[in-house]
Amino acid sequence: MQLKFFISLSLLFLFTQLTNSQTIIQNDSAQLPIIEYSSTALKYEIAEIKVSGAENYEDFVLIGFSGLAVGDVISIPGEAITNAVKRFWKQGLFSDVKIYATKIQDNKVWIEIALKQRPRVSEINFAGLKKGEIEDLQEKLGIQKGNQITPNISDRAKKAIKKYMEEKGFLNVVANVYQRNDPNKAGFVIVDVDVDKKLKTKVHQIVVTGNNALSFNKINLTMKKTNDNNWRNFFRSKKFVKEDYEKDKIELIDKYNEIGYRDAYIVSDSIVPFDDKSVSVYMSIDEGKKYFYRNIKWVGNTIYPFEYLNAILNIKKGDVYNHKNMMKRLQTDETDAVSKLYQDRGYLFFQVEPVEVLIDNDSIDFEMRIYEGKPATINAINITGNSRVYEHVVRRELRTKPGQLYSQSDIMRSLRELAQMGHFDQEKLVPDIQPDPENGTVDVTYKLETKGSDQVEFSAGWGSTGIVGTIGLKFSNFAIQNLFKPETYRIVPQGEGQTFTLNARTSGQSYSSFSMSFLEPWLGGKRPNSLSSSIYYSSQSDVSDRFRSSYNSYSGLGGYGGYGGYGGSSYGNSSGYSDLYQTEMDPEKYMRTLGASIGYGKRLSWPDDYFTFFGEFSFQKFMLKNWPYLPPLSEGNYNNLSLNLTLSRNSIDNPIYTRRGSSFSLGLKITPPYSSFNGIDYANKSLTNAERYKWIEYHKWTFAGKTFTPLTPDDKLVLMTRVMFGYLGNYNDNARSPYETYYMGGDGMSAYTSYGTEYISMRGYESGSLLPYNSISGSSMSGYLYNKFTMELRYPLSLEQSATIYALTFVEAGNSFNKMKDYDPFQLKRSAGVGVRIFLPMFVMM
């Protein structure tokens, strides 16, 4: 039988074959050889290979892909041609594949590979989806403009849509992917993705049978993602997601295991449609019996005696069986698990396996089989991802050194110190530990991701006093050693981890200040001893008596509005007086402050190395002239020379969003007791204030403590508690300091400060509104004593490098007092509220 040579895999593979009496027939206006398949296949040498119909691909690429090559000897019919066609079909890029023998002569064959490309995508349209859903799905669908689309791609896209929508609770979603030719582009199609979500599937009810040990309410709390429409679940999701439901079933069995029901399992469960938008969940549970620990035996331990290991494990005979807690005490507890005990002494290869050796009725005997191994020595410490500070600055913070025994505590402490530097993303600080059991060594790599920690503060405007603005620069990676090395400059010389800050503020003629500070955290580069220094200057002015009188007459007020606490003016901005206000600042009424300080800090090794001791000498000079806002002082120059001593302990894990740890400090700021040796009779009432307070004397005691406790397993929900006390004492009742007093109230975020007063924030109250009240004079007095208590519940909204955002709710209580005899720890002003804090690396906390 003679057949026309024509190959189309969609119907039949046909190949030409030359017979002794070659016959040529017409096929699509081309003459092709005729082949007889009844005869034996003959061998031919490929003389030429051409490709047609694939304009977007190079011919040599397709020829190579076919597996055929000029010079090959193939059988016709035979596997070589068949395999070539299969390869093209398997690729999925062509809708039709044909191979022609265009010519056969002298045992040679000329071949043409005729392909028909699948269309490419010119446009993608979505229907039935929200903008956010489209953005989420685009990467998952695998359909992209300019790329070819195949039936396989369309099927995968529909499956991806269905899975995505099911995760959102739409179990009945219907997805279709349509193609239509693009009239403006030959070979291109417009893809229409049509999604009918139907109604979101929710849980109508959950029916549980066989449960006795766990009430339905406890089961409901355990199944966090699968909740019915009950008042108990008012704040919880009611949607049904199959994947979450499977996880909840595992959580339920784990919960049973935690209360001793080791054999509990779900006998059967079913999901039954209730209506077109909800389902009912039915579960049958076999709880089994409740088990208890009986005997626990340790095998293989040589470093620690079994009595000590039992004390660390903290599981006693008769305790309810709890597999989760047992594994936590053996391996996962970050504070004092048995494995951590060994790993802190270098036994990195330590393993412990709890084996149930006997089950007697409801009691279980365990054998803790220990493999201690040999202590591991640190071979190499590697640092990757650091592009901000010099490497020696990073290495000096590490507690792990080559040659040391491996210690898990040293690893965790190193991570904390790296986080405290502020130069790296704390959320991505993960050590890569590569042990080598053969050599008994371990390589530790700290993978860092640099983040910006410099800060810029800028604001500007125009107020009644003229230009109002703030500019602040904080460089947290300063390098004073590179001051004369321009190649190290990035605005300023950087690389050594020092902190340099500049700050300037102005409120026109009424207020201006400038400050500059420097901190070297590792003085000399060998030990973590810090050196700090600062200088500052501020000037505050008052309005003229003429303006004050005019303003009071204009406003109809019986008295002047007040100065708002040393720098924050509360003058009126009434129309018609704003321009006048700018010109009515009296240069003969001012308070100017000039100050400088130098401090030295040392990290202590006892009681532990979280303790630091800091000492600072500071000097302030206050220059007042006709200043009515700091009674009894209004005229003269006053000096404040003090020594500030602070003992503190800080173990928090992250300075921005802290999850665990604590911070405590006890401070004493003292001046020389001038009244004891300067020969001045301070009881003399004729003594002027300028003479009495020329050298200010006091002793100031402060205590502050904060604790951070994670409340959830993922450490996101955190409880912060804080307590603060302050007391300003005097050596002589007749020389009681008017400076260094406490000004309580407000949010503590005012742009203005006074170097003569310490601001204590108290949310919910106006600035300075919690000063002691003199019922006789009817006016406020200075605060010489205060206490404050705070609780905050925090939850992060974003922990990205670009922004740390967390929500909080707080309760706060506190008060200030004028004298120790007035102190009442229960006389507290209270407040509560909610808020959001935003930390941007380049800006301050908001």
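Modeller: What follows begins with the ground rules and the chain as a whole, then turns to the rings, the helices and some individual positions.

This is a predicted model, in which local features need pLDDT of at least 70 and side-chain atom pairs count only at pLDDT 80 or more, whereas totals for chains, interfaces and linings use all residues. Residues are numbered from 1 along each chain as its sequence is written, and side-chain values use heavy atoms, with hydrogens and water left out.

The chain has 14 helices and 39 strands, where helices (H or I, at least four residues) and strands (E, at least two) are DSSP runs numbered from the N terminus. Of its 846 residues, 44% count as buried; buried means under 20% relative accessible area, exposed over 50%, and partly exposed in between, with a 1.4 Å probe and protein chains only. Among contacts (heavy atoms within 4.5 Å) between residues at least 6 apart in sequence, 61% join residues at least 24 apart.

As for the rings, the structure holds 23 aromatic pairs. Rings of Phe, Tyr and Trp (for Trp, its six-membered ring) pair if their centres lie within 6.5 Å, and planes under 30 degrees apart count as stacked, over 60 as edge-to-face and the rest as tilted. One of these pairs is formed by Y293 and F366, which is tilted, with 5.7 Å centre to centre and 50° between the planes. The pair joins distant parts of the chain, since Y293 belongs to strand β14 (residues 292-299) and F366 to strand β16 (residues 363-371), 73 residues apart. Y293 counts as buried because its relative accessibility is 4%, and F366 counts as buried because its relative accessibility is 3%. Elsewhere, Y304, Y308, Y342, Y347 and F350 form one aromatic cluster.

Two rings also carry a charged side chain over the face, a term used if NZ of Lys or CZ of Arg is within 6 Å of the ring centre and within 35 degrees of the ring normal. K103 lies over the face of W110, at 4.7 Å from the ring centre, and R262 lies over the face of Y291, at 5.6 Å from the ring centre.

Turning to the helices, axes are lines fitted to C-alpha atoms, for helices over the stretch in contact, and angles run from 0 to 180 degrees between N-to-C directions. Angles under 35 degrees count as roughly parallel, over 145 as roughly antiparallel, 65 to 115 as roughly perpendicular and the rest as oblique. Helix α1 (residues 59-66) packs against helix α2 (residues 79-91) at an angle of about 115°, with the axes 8 Å apart, and α1 and α2 are therefore roughly perpendicular to each other. In this packing, L62, F65 and S66 of α1 meet A84, R87, F88 and Q91 of α2.

The axes of helix α3 (residues 131-141) and helix α4 (residues 151-167) come within 10 Å and cross at roughly 140°, so α3 and α4 are oblique to each other. The crossing of α3 and α4 is right-handed; a crossing is left-handed if the near helix is turned anticlockwise from the far one by less than a right angle, and right-handed if clockwise. The contact is made by G132, E133, D136, L137, K140 and L141 of α3 together with I153, A157, A160, I161, Y164 and M165 of α4.

Leaving aside neighbours within four places in sequence, T226 is in contact with V203, I206, F240, D244, Y245 and D248. F708, in strand β31 (residues 699-710), is also buried, with a relative accessible area of 7%. The C-alpha atoms of F708 and L793 are separated by 9.8 Å, although these residues are 85 residues apart along the chain.

Some backbone details complete the account. A cis peptide bond, with omega about 0°, joins W606 and P607, and P607 lies in the loop between β27 (585-603) and β28 (611-625). K198, in the loop between β10 (188-196) and β11 (202-209), has a phi near 65°, a positive value in a residue other than glycine, and counts as partly exposed at 43% relative accessibility. N626, in the loop between β28 and β29 (636-650), likewise has a positive phi, near 50°, and counts as partly exposed at 37% relative accessibility.
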